[in-house]
Amino acid sequence: NSSATDGYVDLRDGTAGAILFTIPAPKGGGSIITLPVPLRQPTANTALAYDVSGALTTVYISIVGFQSKA
């Protein structure tokens, strides 16, 4: 978060889906979050989406994962 305002990033089950996690995005800094393995989405065939709080200007998000048939 390169802005001068604290904010947050919501990880969602799809673009309009339920919020799975809320991650803090402190002003001028960042967060490192260890998610549970595996992170299970409630809806099959739905992309993991994010929603950044409106007051933030530049936020970089990096997530590494895998898709399982189980």
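Colleague: Happy to look at this with you! How many residues lie between S1 and S2 in their hairpin?

Modeller: Keep in mind that this is a predicted model. Strand S1 covers residues 7-13 and strand S2 covers residues 19-25, and the two pair in the antiparallel sense over six bridges. In the turn, Gly-14 has a positive phi of about 85 degrees. The number of residues between the strands of this hairpin is five.

Colleague: Nice. Which residue in S2 is the bridge partner of Tyr-8?

Modeller: S1 spans residues 7-13, and its pairing with S2 is antiparallel. Within S2, the bridge partner of Tyr-8 is Pro-24.

Colleague: Is Val-9 buried or exposed, and what is its relative accessible area?

Modeller: Val-9 sits in strand S1. Leaving out residues up to four places away in sequence, Val-9 touches several others, among them Phe-21, Ile-23, Tyr-50, Val-52 and Ile-61. Buried means under 20% relative accessible area. Val-9 therefore counts as buried, with a value of 7%.

Colleague: And how far apart are the C-alpha atoms of Val-9 and Ala-55?

Modeller: Along the chain, Val-9 and Ala-55 are 46 residues apart.

Terms used
Residues numbered from 1 in each chain as written. Predicted model: local features only at pLDDT ≥ 70, side-chain atom pairs only at ≥ 80, totals over all residues. Heavy atoms only, no water. Pairing = 2+ DSSP bridges. Helix = DSSP H or I, 4+ residues; strand = E, 2+ residues; numbered from the N terminus. Buried < 20%, exposed > 50% of the residue type's maximum accessible area, 1.4 Å probe, protein only. Contact = heavy atoms within 4.5 Å.
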